[in-house]
Amino acid sequence: MTVCPECRGAVSVPDDVMAAEIVVCGECSSELEVVAVTPTVLALAPEVEEDWGE
Amino acid sequence: MKATVLGAAGYVGGELLRLALGHPGLEVVQATSRRHAGRPVGLVHPHLRHHAGLLFTEPDVLEPVDVLFSALPRGELARVHDQITSVARTVVDLGPDFRDPEGPGGAAYVTGLPELYRGALAGATRISVPGCMATAAAVAIRPLVAAGLTQDDVVVDARTGSSGAGGEPSRATHHPERQHAMRIYKATGHRHEREIARLCGVRARMTVTAVPLVRGVQVVAHLRPPRPVSRTEVWSAFRDAYADEPFVRLVAHRSGLHRLPDPQFLYGGNFVDLGFDVDDDGRRVVVVAALDNLVKGAAGGAVQSLNVAQGLEEQTGLDFPGLHPV
């Protein structure tokens, strides 16, 4: 188990996960990018910006 | 359990009938309406027309029942309360008459909001369901108050659809006035402010806008924490409060189209969706709650509270998940 950087929930990551893969936190649904393996380190995947204020 | 719905011709009454008729533990024996007495329920509530044998009855002659749901307008239940309690073992009121525990008769009633009052509801025979906007606001605010994440008043910006005004037409709900409205009908001093304060322990400064929806309430609450806070802290506060709640869904996504709660996905269901975001400097928390005002904000909350009071599975009769697209 790896900890979600967004909500601190437990994230299940496959043993054979590869860097740059995207996994999803089961608690907060955040998309998380695998930035390192052995040990696995997760970071929030880049957000898609939306701005309708023009 | 034999059940009666008082005021069954209104929108909340219709939702009570829909949920009660689908509830395996309830048998609807009376649906009262003075105006429509003798007519099939399906003539007023067309989605229930398959219950062809169910007719509205006069409210003056009530059969003994196990539970009576009241969807009567303000003041009406209080007027006939003695008569009601002589025929019904359990009373669930969806109006405002007994919401204030310090008001007349209010001390006998338990607040029908299991997320905050589950313990008190167990075995309760007098239940008063909070208002729809107060329900949304209380679910949104109280965990953060309990976690010490707000230091003063909370600003509550609430948006509501037209069905919250009830089934009786008025100039304000007339289609040409309502169709494209973004009408702020109460900028300050809404009566739900007191109810939210009672439920949450913090003053709410509320503004309410009528928007072009039929169903739905969305509440946006702005809280100022006593120190900068992180998203993780807010997640923890909500998870601590609601991780095991069957009808609270945390919706605070960082990507995708639907990142925060939107009432359109809650139509007909008993969920309240709850989300949030935090300013970059951690000095403001914005919490968003959405629900169907006729279900979680009224009839669904009533059935859920009854389930808790009677020791039934809390989700009984409330498993409809909503629609997408609407």
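Predicted model: local features only at pLDDT ≥ 70, side-chain atom pairs only at ≥ 80, totals over all residues.
Me: What makes Arg239(B) and Glu27(A) a salt bridge?

Reply: The cut-off is 4 Å from a side-chain nitrogen of Lys or Arg to a carboxyl oxygen of Asp or Glu. For Arg239(B) and Glu27(A) the N to O distance is 2.9 Å, so the pair qualifies. Between chain B and chain A the count is two salt bridges.

Me: Why is the pair Arg118(B) and Glu245(B) called a salt bridge, and which parts of the chain does the pair link?

Reply: The side chains meet at 2.7 Å, N to O. The limit is 4 Å, so the term applies. Arg118(B) lies in helix 5 (residues 114-121) of chain B, and Glu245(B) in the loop between helix 9 and strand 12 of chain B. The two residues are 127 residues apart, and the pair links distant parts of the chain. Over all chains, the count by this rule comes to 24 salt bridges.

Me: How is the size of an interface often given, and what is the value between chain B and chain A?

Reply: Accessible area lost when the parts come together is often used for this. Between chain B and chain A about 1100 Å² is buried, with carbon and sulfur atoms giving 39% of that area. Trp235(B), Arg239(B) and Arg254(B) lose the most area in chain B to chain A, together 48% of what that side buries. The contact takes 10 residues from chain B and 15 residues from chain A.

Me: How do you know that strand 13 and strand 14 of chain B pair?

Reply: Pairing needs at least two bridges. Seven join strand 13 (residues 272-278) to strand 14 (residues 285-291) of chain B, so the two strands pair. They run antiparallel, and Val272(B) stands opposite Leu291(B) in strand 14.

Me: What makes strand 9 and strand 12 of chain B edge strands?

Reply: Strand 9 (183-186) and strand 12 (248-250) of chain B each pair on one side only. The open sheet has seven strands in the order 9-10-8-11-14-13-12, with mixed pairing. Its neighbouring strands are turned by 25 degrees against each other on average, direction ignored.

Me: Which strands does helix 9 of chain B lie across?

Reply: Helix 9 (residues 231-242) lies across strand 12, strand 13 and strand 14 of chain B. The helix runs at about 160 degrees to strand 13.

Conventions: Residues numbered from 1 in each chain as written. Chains lettered and ligands numbered in written order. Heavy atoms only, no water. Helix = DSSP H or I, 4+ residues; strand = E, 2+ residues; numbered from the N terminus. Axes fitted to C-alpha atoms, helices over the stretch in contact; angles between N-to-C directions. Contact = heavy atoms within 4.5 Å. Buried area = accessible area lost by both parts, 1.4 Å probe.
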